[in-house]
Amino acid sequence: MAAFTNLILNPPTTTIHSTTKLHIYSSHYNPKLHSLFPAKPKSHAPPLFITKAASGAATDAAKKTEKDKKKEEDKVQHIHTVAEFDAALRDAKQKLVVVEFAARNSKQSSEIYPFMVNLSRTCNDVMFLLVLGDESDEMTEFFKREKIEKVPHFNFYKGMEKIHEEEGIGPDRLMGDVLYYGDSHSGVVQLHNREDVEKLIADHKEDHKLIVLDVGLKHCGPCVKVYPTVLKLSKQMDTVVFARMNGDENASCMQFLKDMDVVEVPTFLFIRDGEICGRYVGSGKGELIGEILRYQGVRVTY
């Protein structure tokens, strides 16, 4: 593809912002979560006088509600043995599996568990497991085998292979990780090689849509940080095509990063009509939105 060749040979230059170098695989970013789990408003209704029959019905309803609640929480599978753990990973196949290694006497473990339960209710294509290291001697030995030294500790698996791990994180980072590593059915096109990029560009040559290509790494903190914004924008901007590629997924992806002169991630490439018209390097949500609007022809002032 001639236009794509020009795109590769003449990548535009830009000012480099605070990002992750290609050889760095961690971040200390930990923003506060404000509204994911809003508190329920308190009721000020007056007390009701309940008959004995009504009281019995209310008790049955309460039992049913508790049962339904338990059923919802059962979406997080509690693992009691190593055999159960191995079977769960095997049954998940290519689904993302998120495992919380916790302890019953850990305040941090008990605080983050409700957030994991909530994620399990909304992320139907992700499997969530809970392993308690102080539940039995077998689980204690399992923790030693997995080198779990601090809880809560989260491991992420796909195809029975561990692809990522986090230690002592909060709910915001957990949510970002789940979206980043488990996002396979969203409006963001997943690119796995150079051929996927060329096909995407060819598909949108005639409609002249702006393509925003998010280039990152599997274990990049800033990439995880900004991805929920990319996901949200993909659902709101019908005239923009959002795609992403992890440069360290395979040799073809890494070569693509070299050809594009990507030295820090995340890097966002803006492509229209088969040509790169600009790029943004960084994880600032406001700056990214501003750049997208600018390349959509909207005048943006900072």
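Before the details, two ground rules. This is a predicted model, in which local features need pLDDT of at least 70, side-chain atom pairs count only at pLDDT 80 or more, and totals for chains, interfaces and linings use all residues. Residues are numbered from 1 along each chain as its sequence is written, and side-chain values use heavy atoms, with hydrogens and water left out.

**Stop 1: the helix pair**

Helices (H or I, at least four residues) and strands (E, at least two) are DSSP runs, numbered from the N terminus. Two packed helices are described by the angle between their axes and the distance between the axes. Axes are lines fitted to C-alpha atoms, for helices over the stretch in contact, and angles run from 0 to 180 degrees between N-to-C directions.

Now show side chains. On the H6 side, pick Arg-173, Gly-176, Asp-177, Leu-179, Tyr-180 and Tyr-181. They meet Gly-221, Cys-223, Val-224, Tyr-227, Pro-228 and Leu-231 of H8. Contact means heavy atoms within 4.5 Å. By class, this contact has eight nonpolar, two polar and two charged residues. Nonpolar means Ala, Val, Leu, Ile, Met, Phe, Trp, Tyr, Cys and Pro; charged means Asp, Glu, Lys and Arg; the others, Gly among them, count as polar.

**Stop 2: the cysteines**

Zoom to Cys-220 and Cys-223. They form a disulfide, with sulfur atoms 2.5 Å apart. The criterion is a pair of cysteine sulfur atoms within 2.5 Å. A search of the whole structure finds one disulfide. Its S-S torsion is about 80 degrees, so the disulfide is right-handed. Both Cys-220 and Cys-223 are buried. Buried means under 20% relative accessible area, exposed over 50%, partly exposed in between (1.4 Å probe, protein chains only).

Cys-253 is buried at 0% relative accessibility. Cys-277 is partly exposed, at 34%.

**Stop 3**

Two strands pair if DSSP finds at least two bridges between them.

Select 210–216 and 267–272. These are E8 and E11, antiparallel over five bridges. Val-215 has Thr-267 of E11 as its bridge partner.

Pick Leu-217, in the loop between E8 and H8. Leu-217 is buried, at 0% relative accessibility.

**Stop 4**

Move to E2-E4-E3-E5-E6, an open sheet of five strands with mixed pairing. E2 (76–79) and E6 (161–167) stand at the edges; each has a single partner strand, so one side of each lacks a neighbour in the sheet. The twist averages 25 degrees from one strand to the next.

Select E4, residues 126–132. Seven of its seven residues are buried, so E4 is largely enclosed by the rest of the structure. Val-126, Phe-128, Leu-130 and Leu-132 point one way; Met-127, Leu-129 and Val-131 point the other.

E3 (96–102) pairs with E4 in the parallel sense over seven bridges. Val-99 stands opposite Leu-129, and Val-98 opposite Phe-128. Four bridges join E2 to E4, also in parallel. There, His-78 has Leu-130 as its bridge partner.

**Stop 3: Met-116**

Finish in H4 (107–122), which holds Met-116. Is Met-116 buried or exposed? Met-116 is buried, with a relative accessible area of 0%. Not counting residues up to four places away in sequence, Met-116 touches Val-76, Glu-100, Phe-128, Leu-129, Phe-154 and Leu-174. Met-116 and Val-99 are 17 residues apart in sequence and 9.8 Å apart in space, C-alpha to C-alpha.
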